[in-house]
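Q: Please take a close look at a single part of this model. Where does that part sit in the chain, and what surrounds it?

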Amino acid sequence: MERSSCSRLLIVFCFALCLECQLVQCSVTYDRKAIVINGQRRILFSGSIHYPRSTPEMWEDLIQKAKDGGVDVIETYVFWNVHEPSPGNYNFEGRYDLVRFVKTIQRAGLYAHLRIGPYVCAEWNFGGFPVWLKYVRGISFRTDNEPFKRAMQGFTEKIVGLMKSHNLYESQGGPIILSQIENEYGAQSKLLGAVGYNYVSWAAKMAIETETGVPWVMCKEQDAPDPVINTCNGFYCDSFQPNKPYKPTMWTEAWSGWFSEFGGPLHHRPAEDLAFAVARFIQKGGSFVNYYMYHGGTNFGRTAGGPFITTSYDYDAPIDEYGLIRQPKYGHLKELHRAIKMCERALVSDYPIVTSLGDLQQAYMYTSESGDCAAFLSNYDTKSAARVLFNNMHYNLPPWSISILPDCRNAVFNTAKVGVQTSQMQMLPTNSETFSWESYDEDPSSLDYSSAITADGLLEQINVTRDASDYLWYITSVDIGSSESFLHGGELPTLIVQSTGHAVHVFINGQLSGSAFGTRQNRRFTYTGKVNLRAGTNKIALLSVAVGLPNVGGHYETWNTGILGPVALHGLDQGKWDLSRQKWTYQVVKLTFFIFYVFIVDPNKCPS
């Protein structure tokens, strides 16, 4: 009996050891058709869920809903500025707990795609770069620049090392099957020429040398050097081809909707059109689709970029900002995924046979050696339905639609036929004792002005605030003689303020005189308004507001924010009085002060 028990224990131990070896030695490669996981080509659906745009308490539910919706992979950017708020000081706590997020994906039985960047764009403040980076001596962002490359490599290796230390790459038995270096660099690369190409080549080589054991991708980068895979982003990617015939066709951002900006519309992408775009991509040989976003979430705190990107990053995604399922988009895509998965073996086996079914109608038929057959019947006419003949059978195709036939005979799904009931969310007031609210009053006389600085001339806002706040007071004074004509029935003088962005509130002697702001397309603006000055000393206080730092554009680290002038008074007896070069006092304002004092305590007063 003892020998028998020992033998059984030995067998169990050996089996467990073999299983562990299998887990550790999982392989992820690719070929011309698809990502290959443990020797098997896969059609993969992915969904973007950004960990800082939701709370850790939401992660498990969001990821499970994505899985239930037919998603195989969770994609996220990695946000440098929240992880390294100051050089060498790292934060991976709370909403920034990247390891916990990836492990939550793993527990759900899904794969992960880690888009390290570290430039992310993403309508995120400063494109994900920490603001301190722009003050590194000699730096120039996203080009063949040694200070930038050193910083970028340091952060990339930090994240890769963190993932490796927790065995989170698929090659270690973890869920991460893909990583991305850089982000949407193609247009900038072409603009910079050889310098841009050198940077792309360096970034690819640096990423590969981290030895993650999984493929790397570059999105919207046609010159992505081997073995990095170039991928597509956009509303439609059916015309996209990888830059080498031995790379798979991948769509890293299928835009499920669009972001919102202050003053702009709420964008909506119909479920039918999104399903059509995905089906068309798959029928033409695509094998990886990531929905950007699957859950958009919230730009908490001061994380929104742009400028003028709203706090909500809902994106009209299948799971809404609050973590609730959005129908019919969620259910319609779930049915699409199910139908395509039924075709998987045929789709990854070979290239399709394409036949014309009419002027604007086509059939794509895939077969495998084992006898699998799958077909996609397409009607590209945006206005008229079509009745087509395929395999001696008739099929009715609505306008702008694709029918999927997993057995080349029975249509199980059509992109234009929504069988899911539409849901609408309505906000209702609640008197629940679950919620507690507190209000605060701040006494302006208690503000600490010991940190104020004084300088001749106008200073760039971010150079003063270092992005510690979105608000900066520009304060100066003017002396008005008692003989001025406007004091004796004449027309009031006009104050003109030119700003590089993004908004300004003008106070004269403690009273709100007016406001002005730019837009996301044109952040620069000019304030023009009459001012009620008095004889003697008058205080002019300009509250300059940054509404998120830029997240996209060539060398945006050099762009200015705040009031750089000219600032001038017009209509005085002496004519124009340029205030730009005189002495100004600068005071960084904490966010809470601006919200509670200016908007809640008294919207017409500022500290005098």
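A: Among contacts (heavy atoms within 4.5 Å) between residues at least 6 apart in sequence, 69% join residues at least 24 apart. The model is predicted: local features need pLDDT of at least 70 and side-chain atom pairs count only at pLDDT 80 or more, whereas totals for chains, interfaces and linings use all residues. Residues are numbered from 1 along each chain as its sequence is written, and side-chain values use heavy atoms, with hydrogens and water left out.

The chain holds 12 helices and 28 strands; these are DSSP runs numbered from the N terminus, H or I of at least four residues for helices and E of at least two for strands. Of its 608 residues, 54% are buried, that is, under 20% relative accessible area, with exposed meaning over 50% and partly exposed in between (1.4 Å probe, protein chains only).

Helix 8 is mostly covered, with 12 of its 13 residues buried. Among them are the nonpolar Leu 274, Phe 276 and Ile 282, but also Asp 273, Arg 280 and Gln 283. In soluble globular proteins, nonpolar side chains tend to be buried together.

A nonpolar core is a set of buried Ala, Val, Leu, Ile, Met, Phe, Trp, Tyr and Cys residues joined through side-chain atoms within 4.5 Å. The largest one has 123 residues, of which Met 163 and Leu 336 touch the most other members. Another core, of 26 residues including Leu 472 and Ile 508, lies apart from it. Neighbours within four places in sequence aside, Leu 336 is in contact with Ala 275, Val 278 and Ala 279, as well as Tyr 291, Ile 404 and Phe 413. Ala 275, Val 278 and Ala 279 are among the buried residues of helix 8.

After helix 8 comes Gly 285, with a positive phi near 110°. Ser 287 then lies in the loop between helix 8 and strand 11. Ser 287 counts as buried because its relative accessible area is 3%. Beyond four places in sequence, Ser 287 is in contact with Phe 281 and Ile 282, and with residues including Lys 33, Arg 42, Leu 44, Pro 248 and Thr 249. The C-alpha atom of Ser 287 is 8.3 Å from that of Trp 251, 36 residues apart along the chain.
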